[in-house]
Amino acid sequence: MSGLQTRTYTLAGSSLTAGTFTSISQLLGAAQSTTNPEGMSKIVRLSLSCSPDHTSATDGVSVFKFAGDGVDVQQIFAGPSWSNQAAGPLDGNNGQPVVLESASGLFNIKAGNQIDMSVSCTTAETVDVAVSITYAP
């Protein structure tokens, strides 16, 4: 598939609260922007990463939301999960991202409009987050 474009967005050291979404808007290696690239009509691949700081004995699941005028319909996906015990991590997902991919498109976007990306979790935790998005015409 030609004409693809991939961007990675990050969020570092964010204290997430269960059920409350926190914005992800820092474009890695460039000026801050969540505007969809011109000429693109869909997202064909998402890589969702969420790494907790493991300072408390909590289990959790990350949840990613894609909303705003840059998407046809709001999308919500479960991301990586983790398990901790007082003595240290149980290696929940061991830092592996959740990757979703479909050549026909995971969901449609509106070129030139902005996606409001955000992350939440099932249990309060301080995390680092990265979202890689591959756009297609």
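User: Rings of Phe, Tyr and Trp (its six-membered ring) pair if their centres lie within 6.5 Å, and planes under 30 degrees apart count as stacked, over 60 as edge-to-face and the rest as tilted. How many aromatic pairs does a search of the whole structure find?
Analyst: This is a predicted model in which local features need pLDDT of at least 70 and side-chain atom pairs count only at pLDDT 80 or more, whereas totals for chains, interfaces and linings use all residues. Residues are numbered from 1 along each chain as its sequence is written, and side-chain values use heavy atoms, without hydrogens and water. A search of the whole structure gives 3 aromatic pairs.

User: What kind of pair do Phe66 and Phe77 form?
Analyst: Phe66 belongs to strand S5 (residues 60-67) and Phe77 to strand S6, 11 residues apart, so the pair links distant parts of the chain; strands are DSSP runs (E, at least two residues), numbered from the N terminus. Both Phe66 and Phe77 are buried, that is, under 20% relative accessible area with a 1.4 Å probe and protein chains only, where exposed is over 50% and partly exposed lies in between. Because the ring centres are 6.0 Å apart and the planes stand at 65 degrees, the pair is edge-to-face.

User: Which residues form one aromatic cluster?
Analyst: Phe66 also pairs with Phe107, and since their ring centres are 5.8 Å apart with the planes at 45 degrees, this pair is tilted. Phe66 lies in S5 and Phe107 in strand S10 (residues 107-108), so the pair ties together parts that are 41 residues apart in sequence. Phe107 is buried, as is Phe66. The one aromatic cluster consists of Phe66, Phe77 and Phe107.

User: In what order do the 4 strands of the open sheet lie?
Analyst: Strands pair if DSSP finds at least two bridges between them. Strand S2 (22-24) and strand S6 (75-82) are the edge strands, each pairing on one side only. The pairing in this open sheet is antiparallel, and its 4 strands follow the order S2-S11-S5-S6.

User: Which residue in S11 is the bridge partner of Lys65?
Analyst: Strand S11 (residues 116-121) pairs with S2 in the antiparallel sense over 3 bridges, and Val119 of S11 is the bridge partner of Thr22. S11 is mostly covered, with 5 of its 6 residues buried. S5 and S11 also run antiparallel, joined by 6 bridges, and the partner of Lys65 in S11 is Ser118.

User: With which residues is Gly112 in contact, leaving aside its neighbours within four places in sequence?
Analyst: Gly112 is placed in the loop between S10 and S11, and Gly112 is partly exposed, with a relative accessible area of 29%. The C-alpha atoms of Gly112 and Ser41 are separated by 9.9 Å, although the two residues are 71 residues apart along the chain. Taking contact as heavy atoms within 4.5 Å, and leaving aside neighbours within four places in sequence, Gly112 is in contact with Thr35, Asn36, Pro37 and Glu38.
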